[in-house]
Amino acid sequence: MQFTDLSLHHNLLKALDIKGLTEPTEIQKKAIPYGLMGKDLIASSKTGSGKTLAFLLPAVHRVLTKQPLSRRDPRVLILAPTRELAKQVFLQLKWLIAKQPLKAALVLGGENFNDQVKALKHHPQFIVGTAGRVVDHLKGKSLFLNGLELLILDEADRMLDLGFAAELRLVNQAADHRKRQSMMFSATLDSAAMHQLTQSLLKAPQRVSVGSSS
Ligand code: ADP
Ligand code: MG
């Protein structure tokens with residue numbers, strides 16, 4: 001199977017081609033079709049197996065092909081457990097949307113808050129960030145998630161380990177509406193805390209997993 005067999009927007013196929021990526025990894029093959037169908041998803045596979053593109057490709061595809069629910073609010077929010085991981089996701093997103101009229105903002109703890117407020121005023125379609133700072137912007141009313149179409153939690157198990165359960169609940173409430181799609185990616189699925197998180201965030205989720213979750 002090749003990326004061209006997945007019905008991805010041609011701008012994405014072009015970006016993948018420029019990067020020299022031709023064949024999806026196992027988790028990408030399993031997760032991307034559900035992501036494109038708009039299904040809620042919980043996916044697990046080991047580190048280095050290509051989970052980032054497994055969620056970024058459906059996310060960008062949606063923004064390129066569907067009308068927004070809101071012109072003002074971000075359409076896709078991706079949360080990562082640490083600043084470093086959020087930056088890595090942001091860099092992959094940037095090359096996927098390069099040369100397209102799409103904007104992404106990086107919202108990290110420990111960085112200047114007012115600079116982020118300014119960036120959010122430009123109405124980025126994508127936000128990548130850490131949960132604590134995203135919640136600060138919700139509370140400060142510099143970020144609204146009423147129009148959010150897709151919520152993605154990358155390394156959800158680590159976010160719980162780092163004590164972000166309350167922040168994830170607040171984000172979930174701020175973006176709570178019928179049309180929202182949610183996807184969780186994780187190395188492990190089986191803890192009680194993970195179970196509780198999937199129950200509160202996901203609607204009838206598809207489960208995909210590659211290899212033994214570790
Ligand atoms: P994970 O999140 O599962 O730990 P990443 O998404 O960070 O993995 O991907 C690990 C590396 O694999 C990255 O350098 C990424 O560019 C590369 N990669 C992702 N998908 C593919 C693919 N289909 N073919 C080749 N390399 C890929
Ligand atoms: Mg990852």
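**Ligand site and fold**

Student: Which residues are around ligand 1?
Tutor: They are Leu 21, Glu 23, Pro 24, Thr 25, Gln 28, Thr 47, Gly 48, Ser 49, Gly 50, Lys 51, Thr 52 and Leu 53. A residue counts here if its C-beta atom, placed from the backbone, lies within 6 Å of the molecule. This is a predicted model: local features need pLDDT of at least 70, side-chain atom pairs count only at pLDDT 80 or more, and totals for chains, interfaces and linings use all residues. Residues are numbered from 1 along each chain as its sequence is written, while chains are lettered from A and ligands numbered from 1 in the order in which they are written.

Student: Which helix gives the most to that shell?
Tutor: Helix α3, residues 51-65, with three residues. Helices (H or I, at least four residues) and strands (E, at least two) are DSSP runs, numbered from the N terminus.

Student: How does the shell split by class?
Tutor: Three nonpolar, seven polar and two charged. Ala, Val, Leu, Ile, Met, Phe, Trp, Tyr, Cys and Pro count as nonpolar, Asp, Glu, Lys and Arg as charged, and the others, Gly among them, as polar.

Student: Back up to the whole chain. How many helices and strands?
Tutor: Nine helices and seven strands. Of the 214 residues, 43% count as buried, meaning 20 or more other C-beta atoms within 10 Å of the residue's own; exposed is 12 or fewer, partly exposed is in between, and C-beta atoms are placed from the backbone.

Student: What about contacts across the sequence?
Tutor: Among contacts between residues at least 6 apart in sequence, 72% join residues at least 24 apart. A contact is two C-beta atoms, placed from the backbone, within 7 Å.

Student: Gln 28 is in the ligand list. What else is buried in helix α2?
Tutor: Helix α2 covers residues 26-37, and its buried residues are Ile 27, Gln 28, Ala 31, Ile 32, Tyr 34 and Gly 35. They pack against β1 (41-44), α3, β6 (181-186) and β7 (206-209). Just after α2, Gly 38 takes a positive phi of about 85°.

Student: Which residues touch the most others in the largest nonpolar core?
Tutor: Leu 79, Leu 93 and Val 128, in a core of 62 residues. Helix α3 supplies the largest share, eight residues. Such a core is a set of buried Ala, Val, Leu, Ile, Met, Phe, Trp, Tyr and Cys residues joined through C-beta atoms within 7 Å.

Student: What does Val 128 touch?
Tutor: Leaving out residues up to four places away in sequence, Val 128 touches Ile 78, Ala 86, Val 89, Phe 90, Leu 93, Ala 104 and Leu 106.

Student: New topic: Ala 15. Buried or exposed?
Tutor: Ala 15 is buried, because 20 other C-beta atoms lie within 10 Å. Ala 15 lies in helix α1, residues 10-18. Not counting residues up to four places away in sequence, Ala 15 touches Trp 95, Leu 96 and Ala 98.
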